[in-house]
Amino acid sequence: MRKICILLAFLLALPSAAQSERRTVRSGELWPDNTGVHINAHGGGVLKYGDTYYWFGEHKSDHTSAALVGVTCYASTDLVNWRNCGVALSVSDEKGSDIERGCILERPKVIYNPVTKQFCMWFHLELKGRGYDAARYGVAVSDRPEGPYRFLYSQRADAGTWPVEFGEKELATIDTLNADNFKEQWTPAWLEAVKQGLYVKRDFGTGQMSRDMTLFVDDDGKAYHIFSSEDNLTLHIAELTGDYLHHTGHYTRLAPAGHNEAPAIFKHEGTYWMITSGCTGWDPNEARMFSATSIWGPWTQHPNPCRGPKAELTFGGQSTYILEIVNSKSSNSRYRWVFMADIWRPRHPSDARYIWLPIEFEDGKPVIRWRDEWDLCE
Ligand code: GAL
C-alpha cells in the first residue's frame with residue numbers, strides 16, 4: 001500500500017501534457033519543438049493554412065552554414081508549441097544539381113496559390129562551391145503545405161527588362177554610364193551612378209542578382225518577390241505571375257544604393273511597412289524601416305523602430321519575416337503583427353536563436369519593444 005501511495009504521489013507531481021505546453025515566447029533562448037530539440041528553421045517565414053501555422057526555414061548544421069539538409073517545416077496552432085514536420089525541400093545528391101547538397105539555400109518563404117492549389121516556395125540559392133556569386137532565387141512547389149516540395153528551377157531575376165520607373169530620361173542617363181569610370185567604389189560619383197542604375201545595366205542581359213528575400217501576397221491576391229539585388233545595394237520588388245511561380249517582368253527598386261537586406265514586409269491599414277537590415281553578414285546592425293501607400297512606391301525611410309536594450313543592433317538579430325496573428329487561436333492577442341528575426345551563430349549555426357516580438361504602433365508608426373518573455377494571448 002505504501003508503495004502504491006508513493007507511486008501515486010510521484011505521478012501527481014508530474015506535469016500534465018497540457019501543463020508542459022509553452023504559453024510564452026522567449027526571444028533569444030532555446031525553443032524546443034515537440035521532440036524537445038531546438039527548432040531548426042532559420043531565416044524563415046510562416047504560412048497560415050486552415051487553422052495551422054507552418055514555419056519554414058533553413059536547416060542549419062552544427063559546423064557549416066552550407067545546406068546539408070534543406071528547408072525544414074514545423075506546424076502549430078498556437079504559434080508557441082511546434083511539431084517537427086521534417087524536411088519540406090531536400091537538397092539533392094545529384095552532382096551538378098542547382099540544389100546539390102553543400103549549396104547555400106537561405107531565407108525560404110512559402111505562399112499558397114488558391115487558383116492552382118499549390119504551395120509555392122521561393123528561396124535564395126547559391127550554387128555549390130561558388131560562394132555568393134550566383135545570386136539566384138530558386139522555386140519549388142508542393143500540393144501539401146509540409147511538402148515534400150519539388151524543385152522547379154533557379155535563376156537570376158528579370159533578365160532583359162528595366163525597372164518600371166525607368167522612362168526615356170532614365171534610360172538616356174543609363175546609356176551614358178560607363179562601368180570603367182566607376183572602378184573606385186563608395187565615392188559620391190559611384191553612389192550616384194549606382195542610384196541611376198549602373199548595376200542594373202551591368203546585369204541587364206544575365207538577369208538581376210537575387211539574394212536575401214521574402215514573399216508578399218497583397219489583398220488583391222497579387223504576389224511579390226522582394227530581394228537584395230545589385231551587389232546588395234538595392235532592393236527589388238518584383239511582381240509574380242498568377243501561379244506565383246515566375247516573375248512577370250514588372251519590378252521596382254527600393255532605396256537605390258541604400259545597402260539593405262533581410263527584407264520583411266506587412267501591410268497595415270493600407271500602408272506597406274518594410275523592415276530591413278544593413279549589410280554586415282552574420283553580425284547584427286541597426287534595423288531600417290520604410291513605408292509606402294503603393295507597393296510600387298515611392299518609399300519613405302523612417303527611424304529605427306526598435307526600442308530597448310541593444311535596439312541599435314536589432315537586439316542582436318536580423319529581420320526575416322513579419323507574421324500576422326489576428327484570427328488565430330491566439331486571436332485574444334491585442335497585437336496583430338509579430339516581428340521575426342534571427343540571432344545568427346556562424347560558429348555553431350544550428351544554435352542560432354529566434355527573436356519574436358509584437359509590433360506596436362506609436363503615432364501611427366510601428367515600434368518593436370524588447371521583451372524577455374511575452375504571452376501571445378496577452
Ligand atoms: C547575411 C544574410 C544572411 C546570409 C549571411 C551570409 O547578410 O542576411 O541571410 O546570407 O549574410 O554571410
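A polar contact here is a pair of N or O atoms within 3.5 Å; within protein, one atom must be able to donate a hydrogen and the other to accept it, and residues adjacent in sequence count only if both atoms are side-chain atoms. The model is predicted, so local features need pLDDT of at least 70 and side-chain atom pairs pLDDT 80 or more, while totals for chains, interfaces and linings use all residues. Numbering runs from 1 along each chain as its sequence is written, and side-chain values use heavy atoms, with hydrogens and water left out.

**Exercise 1. List the residues around the ligand and find polar side-chain atoms by its oxygens.**

Step 1: Ala, Val, Leu, Ile, Met, Phe, Trp, Tyr, Cys and Pro count as nonpolar, Asp, Glu, Lys and Arg as charged, and the others, Gly among them, as polar.

Step 2: Check distances from polar side-chain atoms to ligand oxygens. Glutamate 261 gives 2.2 Å, aspartate 212 gives 2.5 Å, and tyrosine 132 gives 3.4 Å.

Step 3: Look at the cover. On its own the ligand has 310 Å² of accessible area, and the protein covers 88% of that (Shrake-Rupley method, 1.4 Å probe; for residues, only the protein chains shown count as cover).

**Exercise 2. Work out which pocket the ligand takes up, and what lines it.**

Step 1: On a 1 Å grid over the protein atoms alone, a pocket is an open set of points with protein on both sides within 12 Å along at least five of seven lines, a cavity is a set where a 1.4 Å probe fits but cannot get out, and lining residues have an atom within 4 Å of a point.

Step 2: Turn to the largest pocket, at about 720 Å³. Its lining has 27 residues, and Val46, Phe216, Val217, Tyr321 and Glu324 lie nearest the centre. By class, 18 are nonpolar, seven charged and two polar.

**Exercise 3. Where are the cis peptide bonds and the positive phi values?**

Step 1: Recall the background: most peptide bonds are trans, and most residues other than glycine have a negative phi.

Step 2: Find the cis bonds. One joins glycine 147 and proline 148, with omega about 5°; another joins glycine 297 and proline 298, with omega also about 5°.

Step 3: Find the positive phi values. Tryptophan 186, not a glycine, has phi of about 65°, and phenylalanine 315 has phi near 60°.

Technical notes:
Grid points are joined across faces, edges and corners, and a volume is the space filled by probe spheres set on the points.
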